[in-house]
Amino acid sequence: MTDIKTSLPRSVAGLGVVSDILDAISAELNLLELAARDECSQAAANLATKSLAEWERELGLSRRADMDDASRRRLILTALSFFWRCTPQKLAKMLADMLNGEVSVIESAAEYTISLSSHGGKIPSDLPSALKAVAKAAPAHVTCVVSAEGLLSAEMTPRGCLHGHAELNIYS
């Protein structure tokens, strides 16, 4: 905030007691402005820090306290981007961002179905959150079928995993 003294005539701003009072008020107003800017920034997903949990709750994402703020913010921004126009490619990108893997898309326009298949990498613990976000982002008339393949653990013999709806099928 600009110094209050600069907006007053020099004859008034230069008086000893008035000058001291204006300095104190200016410092307090600067602190107030910083606090107000910080609170306002929490309403913007790309600037949020303290309000990440509220953003995650509002978008139906799992709360990810184990992730750093930048990663949580990236997931929130990805989920938010679907409120404008949703395409199969956007759904695939969202799933790829959330699962840190590659995603292939198969569209079946006649059946109003989009199949998204993620492969590579590890199956994350927040797969249900990713499925919920895809279901929320997809148009109501389109059925999204999501599957993910990857490592369940760091064992030497990798086991593939297919997760779809409420089933978890493990193949050796």
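Serine 41 lies in helix α2, which covers residues 16–41; helices (H or I, at least four residues) and strands (E, at least two) are DSSP runs, numbered from the N terminus. The model is a predicted one, in which local features need pLDDT of at least 70 and side-chain atom pairs count only at pLDDT 80 or more, while totals for chains, interfaces and linings use all residues. Residues are numbered from 1 along each chain as its sequence is written, and side-chain values use heavy atoms, with hydrogens and water left out.

**Serine 41**

- Serine 41 is buried, as its relative accessible area is 16%; buried means under 20% relative accessible area, exposed over 50%, and partly exposed in between (1.4 Å probe, protein chains only).
- When neighbours within four places in sequence are set aside, serine 41 is in contact with Leu47 and Ala48, where contact means heavy atoms within 4.5 Å.

**The chain as a whole**

- The secondary structure of the protein chain comprises 6 helices and 5 strands.
- Along the sequence, these elements follow the pattern α-α-α-α-α-β-β-α-β-β-β.
- The protein chain has 172 residues, of which 34% count as buried.
- Of the contacts in the protein chain with a separation of 6 or more, 41% come from residues 24 or more positions apart.

**The largest nonpolar core**

- The largest nonpolar core holds 32 residues, and those touching the most other members are Ile76, Leu91, Leu95, Leu116 and Val134. A nonpolar core is a set of buried Ala, Val, Leu, Ile, Met, Phe, Trp, Tyr and Cys residues joined through side-chain atoms within 4.5 Å.
- At least two residues of this core are supplied by each of α3 (52–59), α4 (69–80), α5 (88–99), β2 (113–122), α6 (127–137) and β3 (143–151).
- The element that gives the most to this core is α5, with 7 residues.

**Valine 134 and valine 146**

- Leaving aside neighbours within four places in sequence, valine 134 is in contact with Leu91, Met94, Leu95, Leu116, Cys144 and Val146.
- Valine 146 is found in strand β3 and counts as buried because its relative accessibility is 9%.
- The C-alpha atoms of valine 146 and valine 134 are separated by 8.6 Å, and the two residues are 12 residues apart along the chain.

**Helix packing: α3 with α4**

- Two packed helices are described by the angle between their axes and the distance between the axes.
- Helices α3 and α4 pack at an angle of about 30°, with their axes 10 Å apart. Axes are lines fitted to C-alpha atoms, for helices over the stretch in contact, and angles run from 0 to 180 degrees between N-to-C directions.
- At this angle α3 is roughly parallel to α4; angles under 35 degrees count as roughly parallel, over 145 as roughly antiparallel, 65 to 115 as roughly perpendicular and the rest as oblique.
- Helix α3 passes α4 in a left-handed crossing. A crossing is left-handed if the near helix is turned anticlockwise from the far one by less than a right angle, and right-handed if clockwise.
- The contact is made by Leu52, Ala53, Trp55, Glu56 and Leu59 of α3 and by Asp69, Arg72, Arg73, Ile76, Ala79 and Leu80 of α4.
- The residues of the contact of α3 with α4 divide into 7 nonpolar, no polar and 4 charged; Ala, Val, Leu, Ile, Met, Phe, Trp, Tyr, Cys and Pro count as nonpolar, Asp, Glu, Lys and Arg as charged, and the others, Gly among them, as polar.

**Helix packing: α4 with α5**

- The axes of α4 and α5 come within 10 Å and cross at roughly 165°, which means that α4 is roughly antiparallel to α5.
- The crossing of α4 and α5 is left-handed.
- Arg74, Leu75, Thr78 and Ala79 of α4 and Met94, Asp97 and Met98 of α5 make the contact, and the residues of this contact divide into 4 nonpolar, 1 polar and 2 charged.

**Helix packing: α5 with α6**

- The axes of α5 and α6 come within 10 Å and cross at roughly 160°; the two helices are therefore roughly antiparallel to each other.
- Helix α5 passes α6 in a right-handed crossing.
- The contact is made by Leu91, Met94, Leu95, Met98 and Leu99 of α5 and Leu127, Ala130, Ala133, Val134 and Ala137 of α6.
- The residues of the contact of α5 with α6 comprise 10 nonpolar, no polar and no charged.

**Tyrosine 112**

- Tyrosine 112 is placed in the loop between β1 (102–108) and β2.
- Phi of tyrosine 112 is near 50°, a positive value in a residue other than glycine.
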